[in-house]
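Hello,

Here is the structure I promised to pass on to you. Please open it and keep it beside this email while you read.

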Amino acid sequence: MTMTLYTTVGVSDLARSVRFYDAVFATLGYRQSKGADGGYVGWGPSYDDGVSFWICKPFDGHPPSPGNGAMVAFRAGNASEVRAFHAAALANGGTDEGAPGTRAIYEPAFYVAYVRDPDGNKLACVFHRYDAAKDR
């Protein structure tokens, strides 16, 4: 069992954000979760089958704001999925925070891309078993 049950981020335009997340999560093989209701939309498995990701307008009625230093990382099955995630994010209103690749600060097997969603929430997509010799 994982420690995290789900993650939620606030969005300002639910329809725009659904388009963004539908596109980026499709690159990882995820579809919208069942049970979206009343302004909530989620992706990923059920509570009992893993961690899910949800979006909604903030409950307090104030504009959403990304946390300084806050980031959600999504697992990829290979480096191609990381690249597809990054490309889908940029094509659907996201912004680049770090192109796909390895980083000198991390171990060589850590292949990652960083983006921000249309509301500024920082996301990472990571393949942590990368082998450059096999990625040709």
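First, some ground rules. This is a predicted model, in which local features need pLDDT of at least 70 and side-chain atom pairs count only at pLDDT 80 or more, while totals for chains, interfaces and linings use all residues. Residues are numbered from 1 along each chain as its sequence is written, and side-chain values use heavy atoms, with hydrogens and water left out.

**Helix H2**

Let's begin with helix H2, residues 79-91. Helices (H or I, at least four residues) and strands (E, at least two) are DSSP runs here, numbered from the N terminus. How far should the 13 residues of H2 span at 1.5 Å a residue? The expected span of a helix is 1.5 Å times one less than its number of residues. For H2 that gives 18 Å, and because its end C-alpha atoms are 18 Å apart, the two agree.

Both ends of H2 have a detail to look at. At its start, a side-chain oxygen of asparagine 78 comes to within 3.1 Å of the backbone nitrogen of serine 80. Just after H2, glycine 93 has a positive phi of about 95°.

Which residues of H2 are buried? They are Ala79, Val82, Phe85, His86, Ala88 and Ala89. Buried means under 20% relative accessible area, exposed means over 50%, and partly exposed is in between (1.4 Å probe, protein chains only). An α-helix has 3.6 residues a turn, so residues three or four places apart point the same way. The cover over the buried residues of H2 includes helix H1 (14-26) and the strands S4 (72-75), S5 (95-102), S6 (111-116) and S7 (122-127).

**How H1 and H2 pack**

The axes of H1 and H2 come within 8 Å and cross at roughly 160°. Axes here are lines fitted to C-alpha atoms, for helices over the stretch in contact, and angles run from 0 to 180 degrees between N-to-C directions. Angles under 35 degrees count as roughly parallel, over 145 as roughly antiparallel, 65 to 115 as roughly perpendicular and the rest as oblique. H1 and H2 are therefore roughly antiparallel to each other.

Which residues meet where the helices touch? Phe20, Ala23 and Val24 from H1 meet Phe85, Ala88 and Ala89 from H2. Contact means heavy atoms within 4.5 Å.

Leaving aside neighbours within four places in sequence, alanine 89 is in contact with Phe20, Val24, Gly94 and Val115. Its C-alpha atom is separated by 7.2 Å from that of aspartate 117, 28 residues apart along the chain.

Threonine 27 is in the loop between H1 and strand S2 (41-43). Its side chain reaches the backbone oxygen of valine 24 at 2.5 Å. Beyond its neighbours within four places in sequence, threonine 27 is in contact with Glu81, Ala84, Phe85 and Ala88.

Leucine 28 lies in that loop between H1 and S2 too. Is leucine 28 buried or exposed? At 11% relative accessibility, leucine 28 counts as buried. Not counting residues up to four places away in sequence, leucine 28 touches Phe74, Arg75, Ala76, Glu81, Phe85 and Cys125.

Alanine 109 is in the loop between S5 and S6, and counts as buried at 18% relative accessibility. Among its contacts, leaving aside neighbours within four places in sequence, are Phe127 and Tyr130. Alanine 109 and phenylalanine 127 are 18 residues apart in sequence and 7.8 Å apart in space, C-alpha to C-alpha.

Serine 46 is in the loop between S2 and strand S3 (52-56). With a relative accessible area of 36%, serine 46 is partly exposed.

Happy exploring!

Conventions. A polar contact is a pair of N or O atoms within 3.5 Å; within protein, one must be able to donate a hydrogen and the other to accept it, and residues adjacent in sequence count only if both atoms are side-chain atoms.
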